[in-house]
Amino acid sequence: MNIQKPLLPKNLLCFSHLRWDFVFQRPQHLMSRFAKEMNVYVMEEPIFDGQESSYLAIDKREEQLTIIVPHITPGLDHEQENLLMKKLLTDFIGDSSLADWIFWYYTPMALQFSDHHAAALTVFDCMDELSAFDFAPKELVLLEKKLLKTADVVFTGGHSLHEAKKEQHNNIHVYPSSIDKKHFSKARTIEIEPEDQAAITGIKLGFIGVIDERFDAALIREIAEKRPEWQILLLGPVVKVSMDSLPKGPNLHYLGQKNYQELPSYLSGWNVALIPFAINNSTRFISPTKTPEYLAAGLRVVSTPIRDVVKPYGIEKLVSIGSNADEFIEAIEQIIASKDEKSWKNNVDDFLADKSWENTYEEMKKKMLWTLFETDKLLAS
């Protein structure tokens, strides 16, 4: 019996633990690309502010991209909340056939209200080891194991995660953090910095990202104290940690969260980019998106020994690795004194040549189509 080559379903429902308007990262890059070919609905985690009744707020951002935010009546217990979310999801899908849907999970927690629906294709894009984060729900580990059993195809956001999960699924593929080269390479030619950064003079060291339990505040404090003439610029939201717990000083500048479109103009004024992540459970499996973004911007980078930064970036001598403040300072001083920028940038560009979110998206799509094809073959046999 001939099996017709499958097409991807026309609707994709993404269950995300990250707000769409938070930091622009992996989910936004991928879902924006899927939305060029199908209807994409991103369902965020609920907000508990429903007044008289619970509802889904529907926000259509583009022709085929819609953000859904559940607004839930506060005061419900865990079981009541899940029953309500099940009803909201069922009402949202309505009469449409589940054969027309892909369910794409970033958070296994969504299984609690979605596992009664059998979509044509279930994808788990495991971008982080969420169970290692502060305040992770106790149910998360069991729900992830369940998702790894029921998903049709699994993607991981880095090689370390792939090593940790590969024995739990027979259709699992690694797709590390990629890059929008065209966007970040603008930093190489921009000459005017944003006003809040232009006012800061001297050697500029920068970090862009969420400042949370993964951020090594003690490392930044020590660098700032030992090199008071260096200006350290920290761009991003402060989450799950107190601002009072973060280092302060005349050469430490918290510039807040910036729009994704603005980032190249900030990067253009830096001398060195930093990846100052603590080495702990929450960073054991991360593959920082900022690594290739910094490099595409033409910036030299110093990072703590995060496994997915050391391999490949450290091994390829594209990123300097430092385990403590003194090693960071030594690496930064060597970068500032370096005269070999052209050779280094050529090596960076060669390494990044085949790496893009577009390529990642296309490769993921191939794996999804192959999975559907194999499923159809199995059903027809």
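Author: The dialogue below moves from the whole chain to single residues. This is a predicted model, in which local features need pLDDT of at least 70, side-chain atom pairs count only at pLDDT 80 or more, and totals for chains, interfaces and linings use all residues. Residues are numbered from 1 along each chain as its sequence is written, and side-chain values use heavy atoms, with hydrogens and water left out.

Reader: How many helices and strands does the protein have?

Author: Helices (H or I, at least four residues) and strands (E, at least two) are DSSP runs, numbered from the N terminus. Here there are 14 helices and 14 strands.

Reader: What does the radius of gyration say about the protein?

Author: The radius is taken over C-alpha atoms, and the globule rule is 2.2 Å times the number of residues to the power 0.38. For 381 residues, a compact globule would have a value near 21 Å, and the 22 Å of the protein agrees with this. Along the principal axes, the C-alpha atoms fill a box of roughly 65 × 55 × 40 Å.

Reader: What share of the residues counts as buried?

Author: Buried means under 20% relative accessible area, exposed over 50%, and partly exposed in between (1.4 Å probe, protein chains only). By this rule, 52% of the 381 residues are buried. The accessible surface, computed by the Shrake-Rupley method with a 1.4 Å probe, comes to about 18,000 Å², and 51% of it belongs to carbon and sulfur atoms.

Reader: How should I read contacts along the chain?

Author: Contact means heavy atoms within 4.5 Å. Among contacts with a separation of 6 or more, residues 24 or more positions apart account for 70%.

Reader: Which residues of the largest nonpolar core touch the most other members?

Author: In soluble globular proteins, nonpolar side chains tend to be buried together. A nonpolar core is a set of buried Ala, Val, Leu, Ile, Met, Phe, Trp, Tyr and Cys residues joined through side-chain atoms within 4.5 Å. The largest one has 55 residues, and Ile 223, Ile 232, Leu 267, Trp 270, Tyr 294 and Leu 295 touch the most other members. Helix H12 (residues 325-337) gives the largest share of this core, six residues. Apart from it lies another core, of 31 residues, among them Leu 13, Leu 56, Leu 147 and Ile 172.

Reader: What does Ile 232 touch?

Author: Not counting residues up to four places away in sequence, the partners of Ile 232 include Leu 205, Ile 220, Ile 223, Leu 252 and His 253. His 253 belongs to strand S11 (residues 252-256). With 16% relative accessibility, His 253 counts as buried. Beyond four places in sequence, His 253 touches Ile 200, Gln 231, Ile 232, Leu 233 and Leu 234.

Reader: Is Arg 26 buried or exposed?

Author: Arg 26 is buried, at 3% relative accessibility. Arg 26 lies in helix H1 (residues 26-34). Ser 177 is 151 residues away in sequence, yet the two C-alpha atoms are 7.2 Å apart. Leaving aside neighbours within four places, the contacts of Arg 26 include Tyr 106, Asp 125, Met 127, Ser 177 and Trp 357.

Reader: Where does Gln 25 lie?

Author: Gln 25 is in the loop between strand S1 (11-15) and H1. Its relative accessible area of 17% makes Gln 25 buried. Leaving aside neighbours within four places, Gln 25 is in contact with Leu 18 and Met 127.

Reader: What is phi of Lys 317?

Author: Phi of Lys 317 is near 60°, a positive value in a residue other than glycine. Lys 317 lies in the loop between H11 and strand S14 (320-321). With a relative accessible area of 68%, Lys 317 is exposed.
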